[in-house]
Amino acid sequence: MKRNFADQMTNFMLKYGVITALVVLIVFFSLTTRSFFSLDNFFDILRAVSILTIVAIGVTFSVVVNGMDVSVGAVTGFAVIFSTALMVIWQIPWYIAIVGALLVGAGIGLLNSFLILKLRIPDLLATLGTLYLAQGLQMWITKGDAVYRGMTNPWDPMRQVTKGFIPKEFLVIGQGFLFKTENFRGIPVPVIIMLCVVLVTWFFLEFTRFGRAFYAVGGNIEAARLAGIPVKKYRTAAYVISALLATLAGLVLASRIGSGAVKAGDPYLLDAVASTYFGFAVLGVRRPNVWGTFLGAVFVGVMLNGLTMLNTPWYIQDFVKGLVLVSALGISFAIRKESR
């Protein structure tokens, strides 16, 4: 009887340990703070993690094919500077700035795949090089300046004030709300974009032939090749999708802050990688998966939101967050190991 109970508990913790930890956190913060458990705060958390989630889904694609893309944070930051610079410095229409940023993002993904697949540079080293390349480009575009309305043109010999600005249509992407009512402020647009990315990628990876091919490449590349799967094409697609999603996250971030801050995307790299690997432990699947990554990002968002409401000093929040993440992952993977 005791053995059966222990087995049931092990299976439960294996599948739902991370979700249980998330529920415990929500209950704890709801009981210890006044305004944590509210609909507005719920959407604030989702809005806070929307950019991180989009970046993390991109990382998930690279991990699915047994790779790793560490350039995503720099690509996000590059999209922030590049898109706003096009609108403010060169007065390009906002929709062309979006298309231009996405095209450059796709180009960075192709560069990553060229370095990894053609030159056979290890993925970590190749994307690390691209990371510095993207960081250097975003500094070069504005000569180290931030982008904002009324800034001096860094490319003008006379340093005259620019006449461009970020239009309200672009700001809707990061600051807008939909489905407003008299008693409801609406759903933030970044949350809707995030949920669309999550649902589309989840369906693509789990229910389409192409998605299963991505997993096949990551599971056993030689077996996938023998099965007739064009391995290089799928790995190239994974890095392009990763860069495109990082660029999309950068566009949302630029719209949200309404300006172009240098290296604004850098903080998302480590949290995105953590969210991706955190997803391994969700439902005991032990493989990269979209809903696991999403829950990992939400876990991070709930943690930071709750700690802020508890007036926890900012300089120890990363330590607490890391401690909880390591504990949750350690317990989940240890249970998995014992169950074998």
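# Questions about this fold

User: Leaving aside its neighbours within four places in sequence, which residues is R185 in contact with?
Analyst: Quick heads-up: this is a predicted model, where local features need pLDDT of at least 70, side-chain atom pairs count only at pLDDT 80 or more, and totals for chains, interfaces and linings use all residues. Residues are numbered from 1 along each chain as its sequence is written, and side-chain values use heavy atoms, with hydrogens and water left out. Contact here means heavy atoms within 4.5 Å. On that basis, and skipping the neighbours within four places, R185 is in contact with D40, D44, F177 and K180.

User: What is the distance of the polar contact between the side chains of R185 and D44?
Analyst: A polar contact is a pair of N or O atoms within 3.5 Å; within protein, one must be able to donate a hydrogen and the other to accept it, and residues adjacent in sequence count only if both atoms are side-chain atoms. R185 has a polar side-chain atom 3.0 Å from the backbone oxygen of D40. With the side chain of D44, the side chain of R185 makes a polar contact at 2.5 Å.

User: Does R185 count as buried, partly exposed or exposed, and where is it found?
Analyst: Let's sort out the words: helices (H or I, at least four residues) and strands (E, at least two) are DSSP runs, numbered from the N terminus. Buried means under 20% relative accessible area, exposed over 50%, and partly exposed in between (1.4 Å probe, protein chains only). R185 is at 32% relative accessibility, so it counts as partly exposed. As for its place, R185 sits in the loop between β1 (177–178) and β2 (187–188).

User: How are α6 and α7 oriented to each other?
Analyst: Axes are lines fitted to C-alpha atoms, for helices over the stretch in contact, and angles run from 0 to 180 degrees between N-to-C directions. The axes of α6 (residues 168–175) and α7 (residues 189–207) come within 6 Å and cross at roughly 70°. Angles under 35 degrees count as roughly parallel, over 145 as roughly antiparallel, 65 to 115 as roughly perpendicular and the rest as oblique. So α6 and α7 are roughly perpendicular.

User: How many nonpolar, polar and charged residues does the contact of α6 with α7 have?
Analyst: On the α6 side the contact is made by V172, I173 and G174, and on the α7 side by V189, P190 and I193. Ala, Val, Leu, Ile, Met, Phe, Trp, Tyr, Cys and Pro count as nonpolar, Asp, Glu, Lys and Arg as charged, and the others, Gly among them, as polar. By class, the contact of α6 with α7 has five nonpolar, one polar and no charged residues.

User: Why do the buried residues of α6 end up on the same side, and what arc do they cover?
Analyst: The buried residues of α6 are F170, I173 and G174. An α-helix has 3.6 residues a turn, so residues three or four places apart point the same way.

User: What covers the buried residues of α8?
Analyst: In helix α8 (residues 209–219), the buried residues are G211, A213, F214, Y215, V217 and G218. Their cover includes α2, α7, α9 (221–226) and α10.

User: Which residues does T53 touch, not counting those up to four places away in sequence?
Analyst: T53 has its place in helix α2 (residues 39–64). At 0% relative accessibility, T53 counts as buried. Not counting residues up to four places away, it touches M194, V198, F294 and A297.

User: What is the separation of the C-alpha atoms of T236 and S113?
Analyst: T236 lies in helix α10 and, at 21% relative accessibility, counts as partly exposed. Not counting residues up to four places away, T236 touches L110, S113 and L117. T236 and S113 are 123 residues apart along the chain, and their C-alpha atoms are separated by 5.1 Å.

User: What is the phi of N66?
Analyst: N66 is found in the loop between α2 and α3, and it counts as exposed at 57% relative accessibility. N66 is a residue other than glycine, yet its phi is positive, near 65°.
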